[in-house]
Amino acid sequence: MSGDDVKTLGTISSAAATTCGTGIDSMRFTTIEACVIQLLQYCEKRNWAGVDPYDALNSRVLAKTPLMNSRVIRIAFTQALKRLPVNIRPWLRIDNAQNPKALGLFLMAALKLQGIGLLHRDDLVTMIIERLKMLRSPELPYWCWGYSFPWQTRTILVPRWAPNIVCTSFVANALLDAYERVQEPELLRMAISAGDYIVSTLYWTDTDGTASFSYPLPGLRSQVHNANFLAAAMLCRLYRHCGRTTFLDAAFRSARYSARRQREDGAWAYGEHGNQGWVDHFHTGYNICALRTIGIAAETDEFEPCLARGFDFYRRHFFTTEGAPKYFHNRTYPLDVHSAAQSLITLISLKDLGEDNIQLAEAVWKWAYSNIWDPSGFFYYQVHPCWTNRISYMRWSQAWMLLALSTLLEHSDRSQPNKENTERSKVVSAE
């Protein structure tokens with residue numbers, strides 16, 4: 001897709017073109033707000049718990065068989081279940097579960113909705129924070145978090161609840177968002193403890209200039225760029241609050257390393273291992289949004305050229321002419337809900353980098369509403385050339401889309417609390 005294709009999206013209204021530089025007031029806010037309220041109610045009704053694309057190894061049926069002892073079987077079972085268009089988890093005895101990363105995303109979204117007057121409920125924020133306290137990884141002196149399921153990589157089995165840098169970074173960022181809103185010292189202490197875990201347990205360097213964070217388990221000398229950037233951004237935020245130079249040093253060294261590994265065309269491979277050469281939508285979005293956070297929190301423009309090249313690649317390669325968010329840079333399908341959510345967050349957060357970013361965000365939203373929104377109040381998983389996977393995933397789909405739509409509303413010209421929003425928030429409170 002050429003740059004001109006993005007600028008002439010047929011689904012963009014003329015009204016949007018006149019306001020793209022100032023806000024997103026041309027969007028169908030009533031529809032977006034209604035979806036947010038319905039989605040919030042959907043998730044709360046299910047106690048913020050659900051199934052996950054990668055939760056196959058939570059199967060109590062599989063656990064009773066010798067198949068669980070085979071690495072190949074664990075990988076095959078996980079991939080097969082992730083791709084099935086029918087949810088057979090009840091027969092496999094895979095239960096709904098609360099996931100710390102999903103709760104972190106829900107917390108970020110709830111704080112945004114409070115800020116714009118669409119949600120008047122302190123109890124929801126308090127409840128999520130309490131659940132995050134209960135779901136911290138056990139038997140460790142740090143506040144850190146992992147996923148609610150074991151998962152098999154190509155080489156290792158990661159235990160359930162084992163803390164990892166991605167999950168911990170997202171939760172710590174959510175806690176920092178909450179701290180910045182309510183100034184509760186305990187929230188900052190928890191986030192600082194997460195930073196201590198990342199720096200003292202996961203950070204590693206080598207004599208060749210490599211600086212990185214172990215992922216998904218401590219001791220692995222992995223070089224995964226989104227993990228580096230996510231952790232670096234969170235550590236810069238922590239530095240801004242507590243002034244610890246150890247946080248800033250680890251952040252800059254790891255970010256500089258991954259910035260140097262950017263390709264000439266502006267892309268990043270997922271990682272540096274031989275089997276990590278793919279380039280996908282949402283991890284690219286993580287990278288460039290994290291670079292913006294580093295610049296703001298550390299008050300530096302060092303990474304601006306890297307950010308600009310990355311965003312240019314992102315815009316040129318990850319969207320169809322209709323605004324559908326592609327999963328990979330070099331092929332269209334599957335069209336994934338996580339990519340849709342991340343694209344909304346990325347385009348809005350970096351709207352200053354392109355005069356038509358708001359137009360493209362509107363096109364993504366229209367595509368998502370038309371293709372993956374279910375009228376009963378949730379988002380589907382993926383769209384394929386001949387079929388749609390309509391399974392509802394709490395972390396991968398609902399938490400991410402709630403955060404994305406909250407970000408859209410937060411950046412709109414109608415984001416100030418008003419009577420209409422107050423009345424809608426009463427509807428949320430009544431459920």
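This is a predicted model: local features need pLDDT of at least 70, side-chain atom pairs count only at pLDDT 80 or more; totals for chains, interfaces and linings use all residues.
Helix α9 spans residues 185-202 and helix α11 spans residues 245-260, and their axes lie 11 Å apart. The crossing of these two helices is left-handed. On the α9 side the contact is made by I192, G195, D196 and V199, and on the α11 side by T246, F247 and A250. Sorted by class, this contact of α9 with α11 holds four nonpolar, two polar and one charged residues.

**Helix α10 and its two partners**

Helix α11 also packs with helix α10, which covers residues 225-242. The axes of α10 and α11 come within 8 Å and cross at roughly 150°. The pair is therefore roughly antiparallel, since angles over 145 degrees count as such. α10 passes α11 in a left-handed crossing. From α10 the contact takes in H225, N228, F229, A232, L235, C236, L238, Y239 and C242. From α11 the contributors are T245, F247, L248, A250, A251, F252, S254, A255, Y257, S258 and A259. The contact of α10 with α11 has 15 nonpolar residues, five polar ones and no charged ones.

The crossing of α8 and α10 is left-handed. The α8 residues in the contact are I165, V166, S169, F170, A172, N173, L176, D177, Y179 and E180. Those of α10 are N226, A227, L230, A231, M234, R237, L238 and H241. By class the contact of α8 with α10 divides into 11 nonpolar, four polar and three charged residues.

| Helix pair | Angle | Axis distance |
|---|---|---|
| α9 and α11 | about 50° | 11 Å |
| α10 and α11 | roughly 150° | within 8 Å |

**An open sheet of four strands**

Four strands form an open sheet in the order β7-β8-β11-β12, with antiparallel pairing. At the edges are β7 (326-328) and β12 (388-389), each of which pairs on one side only. β7 and β8 are joined by two bridges in the antiparallel sense, and F328 has R331 of β8 as its bridge partner. These two strands form a hairpin with two residues between them.

β8 (residues 331-336) also pairs with β11 (residues 382-383), again antiparallel and over two bridges. Here D336 is bridged to Q382 of β11.

**Backbone details**

Most residues other than glycine have a negative phi, and most peptide bonds are trans. What kind of peptide bond joins Y333 and P334? The bond is cis, with omega about 0°, and P334 is placed in strand β8. A cis bond also runs from Y215 to P216, with omega near 10°. P216 lies in the loop between β6 (211-213) and α10.

N47 is a residue other than glycine with a positive phi, near 60°. N47 is found in the loop between α3 (29-45) and β1 (49-50).

**Confidence along the chain**

The average pLDDT of the protein chain is 91, and 89% of the residues score at least 70. Over residues 1-22, however, the pLDDT is below 50, and this stretch has 37 contacts in the model beyond near neighbours in sequence. Residues 418-431 also stay under 50, with 27 contacts beyond four places in sequence.

How values were computed:
Residues are numbered from 1 along each chain as its sequence is written. Side-chain values use heavy atoms; hydrogens and water are left out. Two strands pair if DSSP finds at least two bridges between them. Axes are lines fitted to C-alpha atoms, for helices over the stretch in contact, and angles run from 0 to 180 degrees between N-to-C directions. A crossing is left-handed if the near helix is turned anticlockwise from the far one by less than a right angle, and right-handed if clockwise. Contact means heavy atoms within 4.5 Å. Ala, Val, Leu, Ile, Met, Phe, Trp, Tyr, Cys and Pro count as nonpolar, Asp, Glu, Lys and Arg as charged, and the others, Gly among them, as polar. pLDDT is the predictor's confidence in each residue, from 0 to 100. Angles under 35 degrees count as roughly parallel, over 145 as roughly antiparallel, 65 to 115 as roughly perpendicular and the rest as oblique.
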